[in-house]
Amino acid sequence: MFKEARQMLLVKQLENLGDIKGGMYDFEKAGDILEKHNHTENDVHITIVARGKIKAYSHDWEKEAVAGQLIDFCPGEPHEIMALENNTRIFNLVKKYGGVSDDTQKT
């Protein structure tokens, strides 16, 4: 697919939002990545795509999402996120683990 994964991210932590914690990630070019990482029940996040398109993947799954969609991650699930379009922006918001929300899946 992409010859070499790039890691050109601009990250801005969200502050002064009460109980909401997270960050805004800007991917300059298609192929830029947020390297593989993992979470506990205390810091697992949802990813909301604000613009562009991403692919999130792990060892046994992958999901794509476009602007306006979200991906809900589970604790203990190592994953990486790759921009599929230039100028992609996502928000990762830490959640209280429990419910499942993933509008990339057809019902």
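The chain has 9 strands and 0 helices. This is a predicted model. Read along the sequence, the order is β-β-β-β-β-β-β-β-β.

**The chain as a whole**

| Feature | Value |
|---|---|
| Buried residues | 36% of the 107 residues |
| Contacts joining residues at least 24 apart, among those between residues at least 6 apart in sequence | 69% |

**The core**

Now look inside. The largest nonpolar core holds 14 residues. Some of them have the most contacts inside this core: F27, I54, A56, I71, F73, I81 and I90. Which strands each supply at least two residues of the core? They are β2, β5 and β8. Strand β2 covers residues 22-27, β5 covers 53-57, and β8 covers 79-83. Find these three strands in the structure, then pick out the core residues listed above.

**A residue with a positive phi**

Next, turn to N87. Its phi is positive, at about 60 degrees, although N87 is not a glycine. Where does N87 sit? It lies in the loop between β8 and β9. Strand β9 covers residues 88-94. Is N87 buried, exposed or partly exposed? Its relative accessible area is 45%. Buried means under 20%, and exposed means over 50%. N87 falls in between, so it counts as partly exposed.

Technical notes. Residues are numbered from 1 along each chain as its sequence is written. This is a predicted model: local features need pLDDT of at least 70, side-chain atom pairs count only at pLDDT 80 or more; totals for chains, interfaces and linings use all residues. Side-chain values use heavy atoms; hydrogens and water are left out. Helices (H or I, at least four residues) and strands (E, at least two) are DSSP runs, numbered from the N terminus. Buried means under 20% relative accessible area, exposed over 50%, partly exposed in between (1.4 Å probe, protein chains only). Contact means heavy atoms within 4.5 Å. A nonpolar core is a set of buried Ala, Val, Leu, Ile, Met, Phe, Trp, Tyr and Cys residues joined through side-chain atoms within 4.5 Å.
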